[in-house]
Amino acid sequence: GTEEHPCRCTDFASSYPAVMCTRRYPVSKFIECDVDEFGDLEAQNIHTAKYRWYMKVTVKNCKTKLDNTYWSLSKVCFEDGKPQLKCPIADNGRLYYFEEATMYMTDLDWDTFKLAYNFEEYEVKELYKSLADYLPVEIIKNILEYYSYKTTLKVEEGEENPNESLYNESKQFINAIYGCAVTKIVTDEVYFSVDGWNSQECDDKMFFDTIQGYTPDKTFLAYQQGIWVTAWARHGLWDFISVLDKRVVYCDTDSIKGLFTDEDMKFIEEYNKGIEKLENEVAAHLGIDPELYAPKTKKGKSKRLGIMAREEDCILKCLGAKRYVAKHGDHYDSTIAGLPKSAGRNKIKSFEDFSNHTLFNTIESEKLTAVYNDNQQPTTFIDRDGNSYTCTDKYGICLQPTT
């Protein structure tokens, strides 16, 4: 973006909660099916499909159609410790070209893969399917309730918020629901002994025995549903990238910034109308008040869940994923992986201050790191009532400022 042509910025409104409230997920146990079923499964309408499915597939002589590459290099199958990948050309960690690769893909990923790449042939090695349906209506209502609180209780920056506790709680809860689906319930066992430690990977029997001890009140949703949450969000993002491709300057999990034309903005408006129609249809099907999908702010402005919303235009300098600075008027905002936004705001006063060689010192970074101490000196602590306690532990960890 330049002074003459700033980037137009767009952002999905609560991307993960939105797809959880509107899309269909695997709701039964996955069963392996004959690869001959692939044609029938692939031919389903992606939104109204009876089955969700995934496969192991080998693709040959594949090259991207788009300027933005789709499939991550890390999402290739491994066998005997080696990636099942021949002659790859990578673009910022994503596959631009390969001679042959074997991958696991969901139905949504395959839909986008065909949009993003040209390839000569493919072979389905394994195929699995599950019945598809919406998430339980109670969970959807719960998400919509938190979204309503988050929307109606938000105040402008600098204003005092009398409902700040409920507002923050709603933000945390709405973001945590997806995380509950992908929490690792059963972990590998680690044994500690005088001579050191060793770990035992969780085999099938151990997993089965452990999972029997969990009751429904301790866990809800399922890992496979969490997988499809991110798949749906990714699918929606690439609906945009595939159309806006050459004008995209930066994109992330739920946002796109680019040199978009007025025609592009009309495309976004039409997409948003489609989201409103989808939400009304889902609400009618599930018996939910459709107004819950579009709560109003304190000023009476409707904030619809899941639409691609406009953000403030900016001039952008980007060094890579999660590393960019945006100029809004006379001030600079930064997104730098591992640093709080305030650190960038205090240090970066111009684009010249931001490069791959920019160093944030121990004060500027506003960060702490854990340092291990194997020969800790006795330390006396005094609490607020004046009581003292002397710690004589030889080993300890302290937090120290870091660059």
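This is a predicted model: local features need pLDDT of at least 70, side-chain atom pairs count only at pLDDT 80 or more; totals for chains, interfaces and linings use all residues.

User: Which residues have the most contacts inside the largest nonpolar core?

Analyst: Phe98, Met103 and Phe113 do, in a core of 39 residues. Elements giving two or more residues to this core include β4, β9 and α3.

User: What does Phe98 touch?

Analyst: Leaving out residues up to four places away in sequence, Phe98 touches Val59, Asn61, Cys62, Leu85, Lys86, Cys87, Pro88, Met103 and Phe113. Apart from this core lies another, of 31 residues, with Tyr25 and Tyr178 among them.

User: Switching to α4. Which of its residues are buried?

Analyst: Ile139, Ile140, Ile143, Leu144, Tyr146, Tyr147 and Thr151. Viewed down the axis of α4, the buried residues fall within an arc of 160 degrees, so they line one face of the helix.

User: And what do they pack against?

Analyst: The buried residues of α4 pack against α1, β10, α5 and α8.

User: Now charges. How many salt bridges are there in the whole structure?

Analyst: The search finds 18. One of them pairs Asp107 with Arg52, with the closest N and O atoms 2.7 Å apart. That pair links helix α3 to strand β4, 55 residues apart.

User: Is Asp107 buried or exposed? Arg52, buried or exposed?

Analyst: Asp107 is buried, at 2% relative accessible area, and Arg52 is buried too, at 1%.

User: What about Lys277, which residue does it pair with?

Analyst: Lys277 forms a salt bridge with Glu281, the closest N and O atoms being 2.9 Å apart. Both lie in helix α8, 4 residues apart, about one turn. Lys277 counts as exposed at 53% relative accessibility, while Glu281 is partly exposed at 42%.

Note on methods: Residues are numbered from 1 along each chain as its sequence is written. Side-chain values use heavy atoms; hydrogens and water are left out. A nonpolar core is a set of buried Ala, Val, Leu, Ile, Met, Phe, Trp, Tyr and Cys residues joined through side-chain atoms within 4.5 Å. Buried means under 20% relative accessible area, exposed over 50%, partly exposed in between (1.4 Å probe, protein chains only). Contact means heavy atoms within 4.5 Å. The arc is that of the directions from the helix axis to the C-beta atoms. A salt bridge is a side-chain nitrogen of Lys or Arg within 4 Å of a carboxyl oxygen of Asp or Glu.
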